[in-house]
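I opened this notebook to record what I looked up in one structure. The entries follow the order in which I consulted it.

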Amino acid sequence: NNLGTVEYNLGEKETAAASFQKADELDPKNPVVQNNLGVIALKNNELIKAEELFGAASGAGKEVNENLGILKIKQGQYETAVKYLGEGSQNVANRALAQLLAGDNNGALHTLNGAPVESGRIAYLKAIIAARTAKTSMFYESLGTAINKDIAYRALARTDLEFAKYFDEQNFKLLVPEWAITTINGKGGIIYPPFFILPADYFMQSNDSAVGSNIQCKFYFFS
């Protein structure tokens, strides 16, 4: 199992999956292993299988609830996702995303304001909330922060329909020029769908403790 977590962290998903399967053979029904197998299933978009595995991982630690929250977002069950991604969630952005998708703009903003560090992801979420609630100054400040933290958000914002009402404003054009969509990763054309995408953290576990250590991978939600 621990070998699998290392392999997964190195981006070797298929090798990691094989290691987790071997761990399951050696220690059937180990909840930590079930959680990690669930992450693999979730990554492969096998949602029913992932839910079954996370159910079998009950008691393995708070990482299981984090992963169930992500699963519920992918299933479109946003209010349930918020419950799994509780106040003590290890990932502020995941919880705020669930709240935002559930229509709780104020709750999402409260969650984001409690983040210890304002990452580009968190700032971009704030920009979405500002756009939805007609807070123009906050919108430009948050979007500017997101772009400064991660230039990829400039291309994303250019085609994000959350920001459609700002597309013709000069301030938006200065911050997010039209050519931005052709520069991300050095490729031309719009490579993002016309709505926001936010990376989520899956939570894997080693056998070092009852809770386990977190090994995170980035994934993208499409709404």
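The entries below go from the whole chain to single helices and residues.

**Entry 1. Basis.** I note that this is a predicted model, in which local features need pLDDT of at least 70, side-chain atom pairs count only at pLDDT 80 or more, and totals for chains, interfaces and linings use all residues. Residues are numbered from 1 along each chain as its sequence is written, and side-chain values use heavy atoms, with hydrogens and water left out.

**Entry 2. The chain.** I counted secondary structure first: the protein chain has twelve helices and two strands. Helices (H or I, at least four residues) and strands (E, at least two) are DSSP runs, numbered from the N terminus. The order from the N terminus is α-α-α-α-α-α-α-α-α-α-α-α-β-β. Of the 223 residues, 52% count as buried; buried means under 20% relative accessible area, exposed over 50%, and partly exposed in between, with a 1.4 Å probe and protein chains only. Among contacts (heavy atoms within 4.5 Å) between residues at least 6 apart in sequence, 54% join residues at least 24 apart.

**Entry 3. The cores.** I then looked up the nonpolar cores, each a set of buried Ala, Val, Leu, Ile, Met, Phe, Trp, Tyr and Cys residues joined through side-chain atoms within 4.5 Å. The largest has 38 residues, and Y124, F139, L143, F163 and F172 have the most contacts inside it. At least two residues of this core come from each of α6 (78-84), α7 (92-101), α8 (105-113), α9 (120-132), α10 (136-149) and α11 (152-158). Helix α9 supplies the largest share, nine residues. Another core, of 22 residues, lies apart from this one and includes Y8, F54, V64 and I70.

For F139, I listed the contacts beyond four places in sequence: A127, A130, A131, F163, Y166 and F172.

**Entry 4. Helix α9.** I checked the length of α9: its 13 residues reach 18 Å from first C-alpha to last, close to the 18 Å expected at 1.5 Å a residue. The expected span is 1.5 Å times one less than the number of residues. Twelve of the 13 residues are buried, and α9 is thus mostly covered. Among the buried residues are R121, Y124 and K126. A134 follows α9 and has a positive phi, near 60°.

**Entry 5. Helices α1 and α2.** How do the axes of α1 and α2 cross? The axes of α1 (residues 2-9) and α2 (residues 13-26) come within 8 Å and cross at roughly 170°. Axes are lines fitted to C-alpha atoms, for helices over the stretch in contact, and angles run from 0 to 180 degrees between N-to-C directions. The two helices are therefore roughly antiparallel; angles under 35 degrees count as roughly parallel, over 145 as roughly antiparallel, 65 to 115 as roughly perpendicular and the rest as oblique. On the α1 side I found L3, G4, T5, E7 and Y8, which meet K13, T15, A16, S19 and F20 in α2.

**Entry 6. Helix α3.** Eleven of the 13 residues of α3 are buried, so this helix is largely enclosed by the rest of the structure. The cover over its buried residues includes α1, α2, α4 (47-56) and α5. Within α3 (residues 31-43) I looked up Q34, which is buried at a relative accessible area of 4%. Beyond four places in sequence, Q34 touches D24, K29, L53, A56 and A57.

Entry 7. K29 sits in the loop between α2 and α3 and is exposed, with a relative accessible area of 67%. Its phi is positive, near 70°, although K29 is not a glycine. N45 is in the loop between α3 and α4. N45 also is not a glycine and has a positive phi of about 65°; at 49% relative accessibility, N45 is partly exposed.

**Entry 8. Helix α5.** Is α5 largely enclosed or open? Ten of its 13 residues are buried, so α5 is largely enclosed by the rest of the structure. V64 lies in α5 and is buried, at 4% relative accessibility. V64 and F54 are ten residues apart in sequence, with C-alpha atoms 6.3 Å apart. Just after α5, G76 takes a positive phi of about 80°.
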